[in-house]
Amino acid sequence: MPRRLEIDRWLFVVTLALCLLGAVMIYSASAVTAEHDFGHSYYFLLRQSVWLVIGVAGMFALMRMDYRKLREPIVVYSALSLVVFLLIGAFFLDKSHATHRWIRFGPVGIQPSEIAKLCVILYLAWFLDLKRKSAVHLEFCKKDFLQNIFPAIGPIFLCVALILAQPDLGTSVDIVLIATAVLFVAGLSWKWIAAGAAAAIPALFLLIMSASYRQARLMAFLHPDSDPQGAGFQLMQSLIAVGSGGFTGVGLMESKQKLFYLPEAHTDFIYAVICEELGFIGAIIVIALFAIYGWRGIRAAFSAPDSFGRLLALGITAMVLCQALVNFAVVLGMVPTKGIPLPFVSYGGSSLLVMLLATGVLLNISQQAQPD
């Protein structure tokens, strides 16, 4: 008899818990700002709730659709073409916050770079699965680079180049890290990874030094107290929020830093508000939820019935965990400040939608997984 497919309850519950926590904290972090700017304290919460409903509906739909349908070349190439089209199209629209990161339809805004993350994972999983069927091993040689490595990374670097031009260095680095993780699991020689890292470090240095605001962020990271009212302001306010929370926090809705001190308190720095209001206990709970997500994602990947499912699941898990770790590191002052949202928790419709859709695919892979 066919095996009855069962949902991964751990993964499902953790995802919803992060979303609900995010909704509560978005309201807590943005109520005063929303009342001041828009005359309605529920402004950001209501907008996020709409995206949450759409995302959960999409998650349920993908959870019930066999992930193998995503392996069709028409699906892969259509998704890749759509993302490239959106990334290019953004340059012909008006700037938002001095960048070309958004495509807006009235009050609704879509960030193509968020969609690009999932598209890159899908393309790599499909391409590397084809190479696996051809018994190709990604060794360190010129022939292998031209025949296998370059076709794998070419479309990815096209997306990265377009995102860099927006400009958005943080998301570009995030995509490169995700792609590297998928390639490594697929059997990419460590020599290729070392060569890539050797080329990436000077390139990253040049990108930072080519823009004055990036230099300022780097200096603020190294010496945040040297310019506490300027470049180091956001990091200093974040650290004050984290330190003010203590062990149990100051209480929900009681944060002081969100009162026009901490910029972007409901978006990229929402973890700082969590640390202040819920304290060390709340901060650890959030980390534990992402740890459980990673555990169930890796479990689904290594139990997947085929290589495509394994690479797809590992890519999705790497996307969520890499972004969460970068956000934690930024808020805690461990890396230079960069606008990377906390998955499922930070305010932002594009990020939430992509994360929920990706989780729907991951849940379907876990359903198809081989029994232990």
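**Helix packing, core and loops**

Methionine 253 lies in the loop between α9 and α10. This is a predicted model, and in it the phi angle of methionine 253 is near 75°, a positive value in a residue other than glycine. With a relative accessible area of 34%, methionine 253 is partly exposed, because that category covers values between 20% and 50%.

Leaving out residues up to four places away in sequence, serine 238 touches Leu262, Phe269, Ala272 and Val331.

Two packed helices are described by the angle between their axes and the distance between the axes. For α10 and α11, the axes come within 9 Å and cross at roughly 165°. The two helices are therefore roughly antiparallel to each other, because angles over 145 degrees are counted that way. The crossing of α10 past α11 is left-handed. On the α10 side, the residues making the contact include Tyr271, Ala272, Phe290 and Tyr293; on the α11 side, they include Val320, Leu321, Ala324, Phe328 and Val331. Sorted by type, the residues of this contact are 17 nonpolar, four polar and one charged. Ala272 of α10 and Val331 of α11, both part of this contact, are also among the residues that serine 238 touches.

Helix α10, residues 270-302, also packs against helix α12, residues 349-368. Here the angle is about 50° and the axes are 9 Å apart. That angle makes α10 oblique to α12. The crossing of α10 past α12 is again left-handed. Tyr293, Gly297 and Ala300 of α10 meet Thr359, Leu362, Ile365 and Ser366 of α12. Four of the residues in this contact are nonpolar, three are polar and none is charged. Tyr293 and Gly297 take part in this contact and also in the contact with α11.

The next topic is the nonpolar core. The largest such core has 92 residues. Within this core, the residues with the most contacts are Leu124, Tyr271, Phe290, Leu312, Leu342 and Phe344. Helix α10 gives the most to this core, with 13 residues.

Phenylalanine 344 is found in the loop between α11, residues 307-331, and α12. Its phi is near 70°, a positive value in a residue other than glycine. Is phenylalanine 344 buried or exposed? At 3% relative accessibility, phenylalanine 344 counts as buried, because the limit for that category is under 20%.

In helix α12 lies leucine 357. This residue is partly exposed, its relative accessible area being 24%. Not counting residues up to four places away in sequence, leucine 357 touches Gly58, Met59 and Leu62. Leucine 357 and valine 24 are 333 residues apart in sequence, and their C-alpha atoms are 21 Å apart in space.

One further loop remains. Proline 167 sits between α5, residues 142-164, and α6, residues 169-185. The peptide bond joining glutamine 166 and proline 167 is cis, with omega about 0°.

Note on methods. Residues are numbered from 1 along each chain as its sequence is written. This is a predicted model: local features need pLDDT of at least 70, side-chain atom pairs count only at pLDDT 80 or more; totals for chains, interfaces and linings use all residues. Side-chain values use heavy atoms; hydrogens and water are left out. Axes are lines fitted to C-alpha atoms, for helices over the stretch in contact, and angles run from 0 to 180 degrees between N-to-C directions. Helices (H or I, at least four residues) and strands (E, at least two) are DSSP runs, numbered from the N terminus. Angles under 35 degrees count as roughly parallel, over 145 as roughly antiparallel, 65 to 115 as roughly perpendicular and the rest as oblique. A crossing is left-handed if the near helix is turned anticlockwise from the far one by less than a right angle, and right-handed if clockwise. Contact means heavy atoms within 4.5 Å. Ala, Val, Leu, Ile, Met, Phe, Trp, Tyr, Cys and Pro count as nonpolar, Asp, Glu, Lys and Arg as charged, and the others, Gly among them, as polar. A nonpolar core is a set of buried Ala, Val, Leu, Ile, Met, Phe, Trp, Tyr and Cys residues joined through side-chain atoms within 4.5 Å. Buried means under 20% relative accessible area, exposed over 50%, partly exposed in between (1.4 Å probe, protein chains only).
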